[in-house]
Amino acid sequence: MLHPDDRHPFPPTRHSAIADLGAAAPDARDRARDLLAEAYWRPVYAHLRLRWRRDPDDAADLAQSFFLSALEKDFLAGYDPARSRFRSFLRLCLDRHVQRADQSAGRLKRGGGAEHVDLDAIEAGLPADAGDDPEALFARETLRALMAHGVAAVRARADAADRPLDYRLFARVELAPGGSPRPSYRELAEAEGVTEITVTNRLAAARRVFREAVLERLRALTASDAEFREEARELLGLELP
(Lines give C-alpha, C1' and ligand atoms only; values in the text may rest on other atoms or scores of the structure.)
Protein backbone atom coordinates (compact mmCIF):
# COMPACT_ATOMS: atom_id res chain seq x y z
CA MET A 1 0.00 0.00 0.00
CA LEU A 2 3.01 2.27 0.40
CA HIS A 3 5.49 2.67 -2.40
CA PRO A 4 9.07 3.97 -2.32
CA ASP A 5 8.62 6.03 -5.46
CA ASP A 6 6.02 8.33 -3.95
CA ARG A 7 6.81 11.84 -5.07
CA HIS A 8 6.01 13.54 -1.77
CA PRO A 9 7.25 11.23 0.96
CA PHE A 10 7.16 13.77 3.77
CA PRO A 11 3.89 14.73 5.43
CA PRO A 12 3.13 18.34 4.52
CA THR A 13 3.05 19.62 8.10
CA ARG A 14 6.01 17.63 9.47
CA HIS A 15 4.35 17.85 12.83
CA SER A 16 6.07 15.96 15.66
CA ALA A 17 4.15 14.97 18.76
CA ILE A 18 7.49 14.04 20.30
CA ALA A 19 8.63 17.65 20.08
CA ASP A 20 5.33 18.77 21.59
CA LEU A 21 5.93 16.68 24.70
CA GLY A 22 8.17 19.50 25.87
CA ALA A 23 5.98 22.34 24.60
CA ALA A 24 5.29 25.29 26.88
CA ALA A 25 1.56 25.23 26.11
CA PRO A 26 -0.33 22.65 28.22
CA ASP A 27 -2.80 22.01 25.39
CA ALA A 28 0.01 21.05 23.03
CA ARG A 29 1.50 18.68 25.61
CA ASP A 30 -1.90 17.09 26.24
CA ARG A 31 -2.52 16.58 22.52
CA ALA A 32 0.90 15.01 22.13
CA ARG A 33 0.35 12.57 24.98
CA ASP A 34 -3.12 11.65 23.69
CA LEU A 35 -1.75 10.97 20.22
CA LEU A 36 1.07 8.82 21.58
CA ALA A 37 -1.32 6.84 23.76
CA GLU A 38 -3.56 6.20 20.77
CA ALA A 39 -0.68 5.30 18.45
CA TYR A 40 1.18 3.03 20.87
CA TRP A 41 -1.67 1.35 22.72
CA ARG A 42 -1.56 -1.69 20.48
CA PRO A 43 2.21 -2.37 20.66
CA VAL A 44 2.20 -1.67 24.41
CA TYR A 45 -0.66 -4.12 24.94
CA ALA A 46 0.95 -6.77 22.73
CA HIS A 47 4.27 -6.38 24.54
CA LEU A 48 2.53 -6.89 27.88
CA ARG A 49 0.58 -9.91 26.64
CA LEU A 50 3.41 -11.71 24.89
CA ARG A 51 6.65 -10.55 26.45
CA TRP A 52 5.41 -10.18 30.02
CA ARG A 53 2.89 -13.06 29.72
CA ARG A 54 0.01 -11.08 31.23
CA ASP A 55 -3.59 -12.10 30.70
CA PRO A 56 -5.81 -9.72 28.67
CA ASP A 57 -7.35 -7.94 31.66
CA ASP A 58 -4.02 -7.46 33.42
CA ALA A 59 -2.36 -6.30 30.20
CA ALA A 60 -5.14 -3.78 29.58
CA ASP A 61 -4.89 -2.45 33.13
CA LEU A 62 -1.13 -2.17 32.89
CA ALA A 63 -1.32 -0.40 29.54
CA GLN A 64 -3.82 2.08 30.94
CA SER A 65 -1.77 2.71 34.05
CA PHE A 66 1.36 3.15 31.93
CA PHE A 67 -0.14 5.92 29.82
CA LEU A 68 -1.78 7.47 32.86
CA SER A 69 1.57 7.47 34.63
CA ALA A 70 3.14 9.10 31.57
CA LEU A 71 0.49 11.80 31.83
CA GLU A 72 0.91 12.35 35.56
CA LYS A 73 4.70 12.10 35.81
CA ASP A 74 5.55 13.48 32.37
CA PHE A 75 8.52 11.12 32.00
CA LEU A 76 8.15 10.88 28.21
CA ALA A 77 9.29 14.51 28.00
CA GLY A 78 12.71 13.23 29.08
CA TYR A 79 13.24 11.47 25.76
CA ASP A 80 16.63 12.25 24.20
CA PRO A 81 16.67 11.68 20.40
CA ALA A 82 20.44 11.43 20.46
CA ARG A 83 20.32 8.26 22.54
CA SER A 84 17.67 6.12 20.86
CA ARG A 85 14.59 6.16 18.70
CA PHE A 86 11.41 7.07 20.56
CA ARG A 87 9.85 3.65 20.02
CA SER A 88 12.73 1.95 21.86
CA PHE A 89 12.65 4.54 24.63
CA LEU A 90 8.93 3.97 25.13
CA ARG A 91 9.37 0.21 25.40
CA LEU A 92 12.10 0.58 28.02
CA CYS A 93 9.86 2.95 29.98
CA LEU A 94 7.11 0.35 29.76
CA ASP A 95 9.37 -2.40 31.08
CA ARG A 96 10.33 -0.23 34.05
CA HIS A 97 6.68 0.56 34.65
CA VAL A 98 5.79 -3.13 34.78
CA GLN A 99 8.59 -3.82 37.24
CA ARG A 100 7.38 -1.01 39.49
CA ALA A 101 3.74 -2.00 39.12
CA ASP A 102 4.56 -5.53 40.21
CA GLN A 103 5.80 -4.07 43.47
CA SER A 104 2.63 -2.13 44.16
CA ALA A 105 -1.12 -2.46 43.93
CA GLY A 106 -1.60 0.80 42.14
CA ARG A 107 -2.18 -0.35 38.59
CA LEU A 108 -5.98 -0.40 38.55
CA LYS A 109 -6.47 3.24 37.69
CA ARG A 110 -8.39 3.91 34.51
CA GLY A 111 -7.62 6.27 31.65
CA GLY A 112 -4.68 6.69 29.29
CA GLY A 113 -6.36 6.46 25.93
CA ALA A 114 -8.20 3.18 26.45
CA GLU A 115 -11.30 4.65 24.83
CA HIS A 116 -9.54 4.28 21.46
CA VAL A 117 -8.92 0.58 21.88
CA ASP A 118 -10.68 -2.50 20.56
CA LEU A 119 -9.09 -5.25 22.63
CA ASP A 120 -10.88 -8.02 20.74
CA ALA A 121 -9.36 -6.81 17.48
CA ILE A 122 -5.89 -6.64 19.01
CA GLU A 123 -6.25 -10.10 20.56
CA ALA A 124 -7.33 -11.54 17.21
CA GLY A 125 -4.13 -10.30 15.60
CA LEU A 126 -1.63 -11.35 18.25
CA PRO A 127 0.87 -14.06 17.30
CA ALA A 128 1.14 -17.23 19.35
CA ASP A 129 4.29 -16.11 21.11
CA ALA A 130 6.57 -13.09 21.41
CA GLY A 131 9.56 -14.56 19.62
CA ASP A 132 13.10 -13.92 20.76
CA ASP A 133 13.38 -10.21 20.04
CA PRO A 134 11.20 -7.81 22.08
CA GLU A 135 12.17 -4.95 19.79
CA ALA A 136 10.88 -6.88 16.76
CA LEU A 137 7.56 -7.57 18.48
CA PHE A 138 7.14 -3.92 19.42
CA ALA A 139 8.03 -2.84 15.88
CA ARG A 140 5.56 -5.29 14.33
CA GLU A 141 2.70 -4.12 16.53
CA THR A 142 3.65 -0.48 15.93
CA LEU A 143 3.36 -1.16 12.20
CA ARG A 144 -0.04 -2.78 12.68
CA ALA A 145 -1.22 0.25 14.62
CA LEU A 146 0.00 2.51 11.81
CA MET A 147 -1.81 0.43 9.21
CA ALA A 148 -5.01 0.51 11.28
CA HIS A 149 -4.71 4.28 11.52
CA GLY A 150 -4.35 4.52 7.75
CA VAL A 151 -7.36 2.30 7.12
CA ALA A 152 -9.44 4.33 9.59
CA ALA A 153 -8.41 7.50 7.76
CA VAL A 154 -9.58 6.06 4.43
CA ARG A 155 -12.92 5.12 5.93
CA ALA A 156 -13.34 8.49 7.67
CA ARG A 157 -12.53 10.40 4.48
CA ALA A 158 -14.95 8.28 2.46
CA ASP A 159 -17.70 8.78 5.05
CA ALA A 160 -17.08 12.52 5.26
CA ALA A 161 -17.24 12.88 1.47
CA ASP A 162 -20.27 10.56 1.22
CA ARG A 163 -18.26 8.31 -1.10
CA PRO A 164 -18.59 4.84 0.44
CA LEU A 165 -17.46 3.31 -2.83
CA ASP A 166 -13.93 4.54 -2.15
CA TYR A 167 -13.65 2.52 1.04
CA ARG A 168 -15.35 -0.55 -0.40
CA LEU A 169 -12.88 -0.67 -3.28
CA PHE A 170 -9.93 -0.07 -0.97
CA ALA A 171 -11.08 -2.79 1.42
CA ARG A 172 -11.65 -5.36 -1.32
CA VAL A 173 -8.21 -4.79 -2.82
CA GLU A 174 -6.00 -3.92 0.15
CA LEU A 175 -7.69 -5.66 3.07
CA ALA A 176 -8.40 -9.02 1.50
CA PRO A 177 -7.42 -11.97 3.70
CA GLY A 178 -3.87 -13.17 3.22
CA GLY A 179 -3.47 -15.58 0.35
CA SER A 180 -6.74 -14.72 -1.33
CA PRO A 181 -6.47 -13.29 -4.87
CA ARG A 182 -7.16 -9.61 -5.39
CA PRO A 183 -10.08 -8.85 -7.69
CA SER A 184 -9.22 -7.25 -11.01
CA TYR A 185 -10.34 -3.71 -11.75
CA ARG A 186 -12.78 -5.12 -14.29
CA GLU A 187 -14.29 -7.42 -11.66
CA LEU A 188 -14.59 -4.52 -9.23
CA ALA A 189 -16.20 -2.31 -11.86
CA GLU A 190 -18.75 -4.99 -12.75
CA ALA A 191 -19.53 -5.68 -9.10
CA GLU A 192 -20.04 -2.00 -8.28
CA GLY A 193 -21.72 -1.00 -11.54
CA VAL A 194 -19.11 1.62 -12.41
CA THR A 195 -16.43 1.98 -15.06
CA GLU A 196 -12.86 0.71 -14.71
CA ILE A 197 -11.71 4.33 -14.87
CA THR A 198 -13.83 5.11 -11.83
CA VAL A 199 -12.30 2.15 -10.01
CA THR A 200 -8.81 3.34 -10.93
CA ASN A 201 -9.43 6.90 -9.80
CA ARG A 202 -11.24 6.03 -6.58
CA LEU A 203 -8.61 3.48 -5.57
CA ALA A 204 -5.83 5.95 -6.29
CA ALA A 205 -7.54 8.53 -4.10
CA ALA A 206 -8.07 6.06 -1.27
CA ARG A 207 -4.47 4.87 -1.41
CA ARG A 208 -3.29 8.48 -1.34
CA VAL A 209 -5.32 9.13 1.80
CA PHE A 210 -3.92 5.97 3.36
CA ARG A 211 -0.31 6.86 2.53
CA GLU A 212 -0.62 10.41 3.77
CA ALA A 213 -2.27 9.33 7.00
CA VAL A 214 0.36 6.67 7.74
CA LEU A 215 3.31 8.93 6.98
CA GLU A 216 1.82 11.85 8.87
CA ARG A 217 1.25 9.64 11.90
CA LEU A 218 4.76 8.21 11.67
CA ARG A 219 6.15 11.71 11.39
CA ALA A 220 4.28 12.70 14.54
CA LEU A 221 5.82 9.72 16.33
CA THR A 222 9.39 10.70 15.52
CA ALA A 223 11.52 13.55 16.77
CA SER A 224 13.52 14.39 13.64
CA ASP A 225 13.67 13.87 9.90
CA ALA A 226 16.49 11.37 10.43
CA GLU A 227 14.42 9.28 12.84
CA PHE A 228 11.43 9.55 10.50
CA ARG A 229 13.48 8.16 7.61
CA GLU A 230 14.90 5.40 9.79
CA GLU A 231 11.46 4.35 11.00
CA ALA A 232 10.02 4.53 7.48
CA ARG A 233 12.79 2.24 6.26
CA GLU A 234 12.48 -0.24 9.12
CA LEU A 235 8.71 -0.31 9.56
CA LEU A 236 7.43 0.43 6.05
CA GLY A 237 10.33 -0.63 3.84
CA LEU A 238 10.54 2.85 2.33
CA GLU A 239 13.80 4.54 1.42
CA LEU A 240 12.89 8.21 1.64
CA PRO A 241 15.17 10.94 0.26
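I counted a salt bridge when a side-chain nitrogen of Lys or Arg lies within 4 Å of a carboxyl oxygen of Asp or Glu. This is a predicted model, so I noted its limits: local features need pLDDT of at least 70, side-chain atom pairs count only at pLDDT 80 or more, and totals for chains, interfaces and linings use all residues. Residues are numbered from 1 along each chain as its sequence is written, and side-chain values use heavy atoms, without hydrogens and water.

Entry 1. I looked up E231. It forms a salt bridge with R85, closest N and O atoms 2.7 Å apart. E231 is in helix α10 (residues 225–236) and R85 in the loop between α3 and α4, 146 residues apart. Helices here are DSSP runs of H or I, at least four residues, numbered from the N terminus. Both E231 and R85 are buried (under 20% relative accessible area; exposed is over 50%, partly exposed in between; 1.4 Å probe, protein chains only).

Entry 2. I turned to E234 and R87. Their side chains meet in a salt bridge at 3.5 Å, N to O. The pair links helix α10 to helix α4, 147 residues apart. E234 is partly exposed at 42%; R87 is buried at 0%. Salt bridges with shared partners join R85, R87, R91, D95, E135, E230, E231 and E234 into one network.

Entry 3. I checked E135. It lies in helix α6 (residues 134–160) and is buried at 17%. Leaving out residues up to four places away in sequence, E135 touches R85, R87, S88 and R91 (contact: heavy atoms within 4.5 Å).

Entry 4. I noted the total: 22 salt bridges.

Conventions: Helices (H or I, at least four residues) and strands (E, at least two) are DSSP runs, numbered from the N terminus.
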